[in-house]
Amino acid sequence: MLMSDRMLLKVIVLGDSGVGKTSLMNQYVYNKFNKQYKATIGADFVTKELHIDEKLVTLQIWDTAGQERFHSLGVAFYRGADCCILVYDVNIQKTFETLQTWHQEFLKQADPSEPESFPFVLLGNKVDTDGGSSRAVSEKTAREWCALKGNIPYYETSAKENYNVDDAFLCVAKTALANE
Ligand code: GTP
Ligand code: MG
């Protein structure tokens with residue numbers, strides 16, 4: 001969307017409860033990490049400005065609730081999205097399996113004109129707790145899923161250690177821009 005000479009990109013973050021959606025966003029925008037879990041209720045957004053190829057881009061990042069009982073988002077919420085970030089926890093298999101549902105649900109609600117080429121980015125979060133024994137989903141498995149979905153970019157992240165977070169969101173911005 002064009003705002004005078006600026007670009008506003010609407011980004012929606014989806015994924016199971018507890019995978020670290022809020023934490024990733026807080027690390028990216030405020031450089032803060034909180035060990036305490038506080039469930040997100042409904043949805044809220046934060047913004048971050050960045051320069052890409054001499055363009056000033058405003059990312060409007062919508063954090064959503066992973067917990068079913070807090071889902072209250074209508075179709076209007078998804079409409080106009082420029083990118084969807086899917087997040088799972090590399091240590092919990094179930095959060096990887098439900099990506100399918102989040103992916104489908106997004107396309108159903110947002111109903112983009114070209115669903116095959118709609119920009120998604122997948123984040124495998126909490127790689128810091130990967131001591132070799134806790135890891136449940138391999139990078140290879142995640143990348144295979146991304147390939148099946150039309151080559152979705154994939155990043156392994158840690159909101160806790162601030163690992164790959166900036167890179168991941170930069171990719172989100174670029175991917176969304178490229179689709180404008
Ligand atoms: P909902 O709002 O319920 O959908 O959850 P969420 O996806 O927003 O998860 P949230 O960011 O609240 O994080 C859940 C818990 O995981 C919190 O206790 C965080 O501190 C922790 N957490 C988030 N990211 C990381 C990470 O990268 N590494 C580790 N070790 N813990 C993390
Ligand atoms: Mg949250």
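A residue counts as buried if 20 or more other C-beta atoms lie within 10 Å of its own, exposed if 12 or fewer, and partly exposed in between, with C-beta atoms placed from the backbone. Helices (H or I, at least four residues) and strands (E, at least two) are DSSP runs, numbered from the N terminus. This is a predicted model, where local features need pLDDT of at least 70 and side-chain atom pairs count only at pLDDT 80 or more, while totals for chains, interfaces and linings use all residues. Residues are numbered from 1 along each chain as its sequence is written, and chains are lettered from A and ligands numbered from 1 in the order in which they are written.

Select strand 6, residues 120-125: six of its six residues are buried. One side shows Phe120, Leu122 and Gly124, the other Val121, Leu123 and Asn125.

Strand 5 (residues 83-89) runs parallel to strand 6, joined by six bridges, and Ile85 sits opposite Val121. Strand 7 (residues 154-156) also pairs with strand 6 in the parallel sense, over three bridges, with Tyr154 opposite Leu122.

Jump to helix 6. Its buried residues are Val165, Ala168, Phe169, Val172, Ala173, Thr175 and Ala176. Asp167 and Ala178 are exposed on the face turned away.

Last stop, ligand 1: 23 residues surround it (C-beta, placed from the backbone, within 6 Å), and among the closest are Gly20 and Thr22. Helix 1 (residues 21-30) gives the most, with three residues.

Key:
Two strands pair if DSSP finds at least two bridges between them.
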